[in-house]
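Subject: Structure handover

Hello,

Here is the structure I said I would pass on. My notes on what was found in it follow below the view.

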Amino acid sequence: MKLELRQVTKRFGTLVANDRIDLVVEPGEIHALLGENGAGKSTLMNVLYGLYQAEEGTILLDGVEQNFKGPGDAMAAGIGMVHQHFMLIPVFTVAENVVLGNEPTKKLGVLDLDAARKKVRALSDRFGFDVDPDALVSDLPVGAQQRVEIIKSLIRDAKILVLDEPTAVLTPQETDELMQIMRDLAAAGTSIIFITHKLREVQAVSDKITVIRQGKVVGQAKPTSTAGELATMMVGREVDLKVNKSVAKQGGNLVLRVEDIHVEDDRKQLAVDGVSFNVQAGEVLAIAGVQGNGQTELAEALLGLRHVVKGRGAIALNDVYVDNQSVRQRLEAGIGYVPEDRKKDGLVGEFDIAENLMLNGSYGKPFAKGVAIDFASRDRIANQLIKAFDVRTPSASTQAQKLSGGNQQKVVVARELSREVKLLIVSQPTRGVDVGSIEFIHERIVAERDEGKAVLLISTELDEVLALADRIAVMYRGKIVGIVDANVSRETLGKMMAGVAA
Amino acid sequence: MSKSKVKVEKLENDSTSSQVLREILTGSPVRTILSIFVGFAVGAIFMVVFNPEVLKSFGYFFSRPGDTFGAMGKTIGDGYGALFRGAIFNTQADTFEIAIRPITETLRFAAPLILAGLGVGLGFRVGLFNIGAVGQMAFSLIGVTYVATQIQLPFVIHTIVAVIVAVIFAAAYGAIVGFLKARTGAHEVIVTIMLNYVALNLFSFFLRTPGLLLEKDGGGTPKADPALETAVLPNLFTDQYRLNWGLIIAIGATFFYWWLMERSTIGYRFRMVGFNANAARAAGIRVERTFVWAMAASAAFAGLAGANQGLTAVGGVTPSIHANIGFDAITVALLGGSRAGGIFAAGLLFGAFKAGGPAMQVVGVAPEILHVVQALIVMFIAAPPLIRALFRLPQPPKRKPISEWIAARLGKGSASTEQKASN
């Protein structure tokens with residue numbers, strides 16, 4: 001089916017999220033929609049999927065104008081969408097999930113699960129999905145859950161499949177498998193719209209690339225374009241994808257020593273299972289790995305948000321065991337912490353920027369005099385940091401939740417780097433951050449390292465790990481598979497991320 | 001991977017109630033004013049529907065519809081007119097002194113509402129539903145009544161000691177709630193409601209028992225002696241007005257609340273925990289300990305309300321002295337958006353309702369209508385976000401329909417102010 005969007009405009013109040021966008025997707029084409037976070041990709045797809053109504057413009061399928069009132073209409077017309085966050089019910093089986101909302105029934109409305117199973121199996125065999133219709137979704141790995149989502153669309157006869165940031169949660173190997181599936185689907189005539197901000201994937205799989213910036217189509221590109229060209233289109237200026245950094249100085253003090261620690265997650269399952277490593281002053285140690293392999297719990301245990309299982313391991317900061325110290329004591333002992341989820345752990349959305357910059361500094365100077373907030377000093381510091389960290393905001397009294405993801409992250413980074421820290425724990429520092437800010441944040445992290453601070457970087461983005469790390473530890477199922485030098489190949493790392501020791 | 005998914009869902013569930021609070025508290029002033037207006041409008045409908053004159057005129061509505069509308073207008077005019085005369089300025093009074101008496105009554109009624117409202121509001125700001133102001137007041141009244149009736153102290157000092165005892169009693173009682181929440185994870189709503197029963201019954205037991213608080217020569221009715229003259233909160237003006245120093249305490253407490261919540265680091269941390277306990281924890285704040293302190297502080301304000309009641313009771317304290325102020329305080333705090341100024345204004349409004357109720361009864365309008373109006377006002381304020389959160393509906397667009405409606409009618413200038421207000 002051929003999809004055409006003509007002059008689609010979507011406004012939210014005064015904000016123009018999509019500005020006269022034209023897009024043509026031919027049958028059987030993999031069309032990448034490339035743009036930074038907040039460029040308007042998801043809005044456009046939500047218009048296509050009937051979740052939003054466009055103010056202007058038309059949607060045509062095979063030349064026929066469509067008028068979608070809701071996702072139901074879009075699905076009926078043959079559009080399927082796989083959201084970034086899966087819309088699956090964990091306690092249902094694959095077959096039950098797939099037919100939910102569209103259940104085949106026998107007489108008297110009795111659910112016909114056999115028919116559902118058959119359909120799932122047929123699709124699974126045809127495209128090599130390798131999904132058991134009777135498996136519980138909660139038991140499936142993420143990659144398989146994603147394939148269930150795809151089956152869900154295909155079973156409704158989707159001719160156009162929208163994949164919204166599908167690789168964010170996948171290992172490199174799973175990503176490769178997904179790309180193969182995309183190619184097979186395309187070969188069978190399904191058009192695929194592939195939303196992403198990862199340049200490498202765009203180059204690998206797409207037939208055509210449309211780049212969106214600030215709600216406008218800024219141009220088309222071919223998959224043969226270099227990453228630099230694509231990034232420049234995406235950001236609107238030259239971007240330096242390489243982080244310039246010198247070789248780390250060797251022989252710095254051991255700032256952090258982690259000795260065989262065990263940490264449980266919220267369900268009392270062992271999430272960190274005997275992890276040991278050291279971080280020296282003046283180096284970046286990266287913890288790589290697919291999301292959900294214990295990195296979150298590790299970071300929280302280091303800060304003291306989560307207890308290390310008693311008697312099973314210890315954490316030393318500058319040769320002092322901190323296991324019995326509170327979060328505040330550890331922060332004051334020199335840990336800087338950039339949490340992986342800034343909205344949950346790093347910021348108070350309702351607080352303004354100045355208030356957020358004193359979040360862990362409310363107990364004394366320079367933010368407080370006794371029990372009174374020192375407003376003058378606070379505002380002066382806020383304005384300095386806003387300038388130094390290039391936070392784009394109308395003022396220091398703007399609520400943090402009104403900022404873009406990149407600027408929110410700069411607020412968190414500014415707060416943590418402006419404190420006197422010896423160890424910096426940065427978790428997913430550039431998740432959901434625009435390319436321009438990524439560059440900036442990376443430079444600041446390297447600068448901290450060069451000043452002799454120990455940096456522990458936890459990231460699921462291989463590019464980021466390779467760009468910043470001096471040494472790389474790979475975590476898999478709560479254990480460290482191995483610690484390798486930063487010049488290791490991407491393939492080796494990929495294998496390690498799947499649990500194969502180097 | 002499914003692990004971390006489960007975790008995220010759980011956290012969202014946990015924060016539903018505080019999210020509701022947050023939405024209620026960030027409501028725009030425009031919405032508040034509209035809610036008050038709509039509350040009064042619905043109250044007017046009630047008056048009309050239950051008025052015998054109006055009902056009679058409905059019988060011949062089609063022959064003389066004017067009568068019906070006339071009767072409706074008269075009923076509403078009479079009712080709210082009486083409220084005005086009873087709560088603000090008595091236009092029918094002979095002398096100015098008598099004419100301004102209603103406003104002093106409004107202030108007198110408002111003082112404890114404001115005090116308890118500040119307590120409940122403080123809880124809200126920390127993300128705690130303190131439904132226990134009633135119990136905290138009752139518990140503080142045990143201490144106040146004891147000090148005021150059984151201990152001999154000089155003027156002024158006696159009052160001050162009684163007030164301090166009230167604050168300590170209430171704070172301790174509130175801290176129990178915070179402690180149970182922090183230690184066991186017990187939800188403060190359930191704990192406070194149950195502790196209300198405990199405190200109310202304990203209070204009435206004390207009042208009933210000879211040798212504890214029961215009046216000398218007392219019989220079967222639970223009642224304490226009148227507070228000693230040295231302990232009573234003195235009247236502000238001549239004895240013609242019953243307005244007393246409770247108002248001054250309420251004004252002082254309002255300023256203190258403002259300083260505590262907006263200017264001090266303690267309030268800053270309270271608010272941080274209320275908005276985002278996760279971020280507070282990561283910033284090194286002991287969230288559980290904060291709950292204990294916040295509950296104690298919240299209850300301390302309720303204790304001031306208890307002192308106000310105990311030290312102004314004419315003829316001695318009875319079990320009903322709490323006058324449901326602890327429950328009304330919830331509506332006061334909600335209407336006032338848990339802000340110092342807002343709570344003060346909301347306390348004045350509901351104080352006016354209390355003062356004006358009897359006057360309405362005189363003209364044949366049931367004063368119960370005022371309670372309906374009071375409930376409706378808060379419901380209109382609280383319901384939209386409540387309903388949205390309960391049904392997990394998406395956030396409304398930034399520009400709310402009401403603001404657009406106003407903007408369309410009042411031109412661009414007000415549209416921008418409205419947007420600022422909703423920010």
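In this predicted model, chain A contains an open sheet of six strands, in the order E16-E19-E20-E13-E21-E22, with mixed pairing. Strand E16 (335-338) and strand E22 (479-485) of chain A are the edge strands; each has a single partner strand, so one side of each has no neighbour in the sheet. On average, neighbouring strands of this sheet are turned by 15° against each other, direction ignored.

One pairing inside the sheet can be followed down to residues. Strand E13 (residues 284-288) and strand E21 (residues 471-476) of chain A run parallel and are joined over four bridges. A:Ala286 has A:Ile472 of E21(A) as its bridge partner.

Which elements does helix H17 of chain A touch on the sheet? Helix H17 (residues 490-497) packs against E13, E21 and E22 of chain A, and its direction makes about 30° with that of E21(A). Helix H15 (residues 435-450) of chain A lies across E13, strand E19 (423-427) and strand E20 (454-458) of chain A. The angle between H15 and E20(A) is about 145°.

Next, the domains. Chain A is divided into domain 1 (3-235) and domain 2, the latter made up of 254-347 + 416-497. The C-alpha centres of these two domains of chain A are 34 Å apart. Where they meet, 10 residues of domain 1 of chain A are in contact with nine residues of domain 2 of chain A. On the domain 1 side, helix H6 (172-187) and helix H8 (227-235) of chain A are the elements that give two or more residues. H8(A) gives the most to that side, with three residues. By type, the domain 1 side divides into five nonpolar residues, four polar and one charged.

Regards

Methods:
Residues numbered from 1 in each chain as written. Chains lettered and ligands numbered in written order. Predicted model: local features only at pLDDT ≥ 70, side-chain atom pairs only at ≥ 80, totals over all residues. Domains from an automatic or database assignment. Contact = placed C-beta atoms within 7 Å. Nonpolar A, V, L, I, M, F, W, Y, C, P; charged D, E, K, R; others polar. Pairing = 2+ DSSP bridges. Axes fitted to C-alpha atoms, helices over the stretch in contact; angles between N-to-C directions.
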